[in-house]
Amino acid sequence: MSDDPRVEDAVAAVLSSQPCSVTLPAGAGKTELIAATVAEAGQRGGTSLVLTHTHAGVDALRRRMRKFGVTRDQVVVRTIDSWSYDLIMHFPDLAGIAVPTAPDWSRSTEYHLAAARAAGTKAIARMLRLSYTNLFVDEYQDCVVEQHSLVLALSASIPTTVLGDPLQSLLTFGKTPPV
């Protein structure tokens, strides 16, 4: 944990307020807050799922987690797309979609909706509750409606925090506007 009591206070606020959203401007410490909160959840015996949009985001989050001493068994950090694809690839009947062994990213909207369907089933909800104590979604301002549906489905099973800054909305995915 950080020597900065403000970070510790923010971590405590996040963990006691889930489900919640955190809006902070660029440079205000969203990545730091995620890493510190995951570290505290890990100290409490938890495992966090952290989702973001880009591989660069995954890398930045993993590097920050190392700074806080987060171990591999305390966190899974993935892109929303890759996590969605893996879920539906392993549970195609529950997702209601068959996917090829190599993803076709032009179908990412379908993948998000199928992952939301699967996450809404009792079997996957139970698996999620057994696997993760917390969900953090970084750069939430860039989520499209279908990704938002997935996060809603996940949040029914896992205490969730979404973080972002609507003034930083940088990514657009095809014709689908951000949430």
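**Exercise 1. How do α6 and α8 pack?**

Find how close the axes of α6 and α8 come in this predicted model, and at what angle they cross.

*Solution.* Start with the general idea: a pair of packed helices is described by the angle between their axes and the distance between the axes. Here, the axes of α6 and α8 come within 8 Å and cross at roughly 15 degrees. Angles under 35 degrees count as roughly parallel, so α6 is roughly parallel to α8.

Now look at the side chains. From α6 come Thr109, His112, Leu113, Ala115, Ala116 and Ala119, which meet Glu146, Gln147, Ser149, Leu150, Ala153 and Leu154 of α8.

**Exercise 2. Which residues of α8 are buried, and where do they lie?**

List the buried residues of α8, then work out how they are arranged around the helix.

*Solution.* Helix α8 spans residues 145-155, and its buried residues are Glu146, Gln147, Leu150, Val151, Ala153 and Leu154. Look down the axis of α8: these residues fall within an arc of 160 degrees, so they line one face of the helix. Next, ask what they pack against: the partners of the buried residues include β2 (48-52), α4 (80-90), α6 (108-119) and β5 (160-164).

**Exercise 3. Is Arg129 buried, partly exposed or exposed?**

Classify Arg129 by its relative accessible area.

*Solution.* First locate Arg129, which sits in helix α7. Its relative accessible area is 48%. Since exposed means over 50% and buried under 20%, Arg129 is partly exposed.

Terms used:
Residues are numbered from 1 along each chain as its sequence is written. This is a predicted model: local features need pLDDT of at least 70, side-chain atom pairs count only at pLDDT 80 or more; totals for chains, interfaces and linings use all residues. Side-chain values use heavy atoms; hydrogens and water are left out. Buried means under 20% relative accessible area, exposed over 50%, partly exposed in between (1.4 Å probe, protein chains only). Helices (H or I, at least four residues) and strands (E, at least two) are DSSP runs, numbered from the N terminus. The arc is that of the directions from the helix axis to the C-beta atoms. Contact means heavy atoms within 4.5 Å. Axes are lines fitted to C-alpha atoms, for helices over the stretch in contact, and angles run from 0 to 180 degrees between N-to-C directions. Angles under 35 degrees count as roughly parallel, over 145 as roughly antiparallel, 65 to 115 as roughly perpendicular and the rest as oblique.
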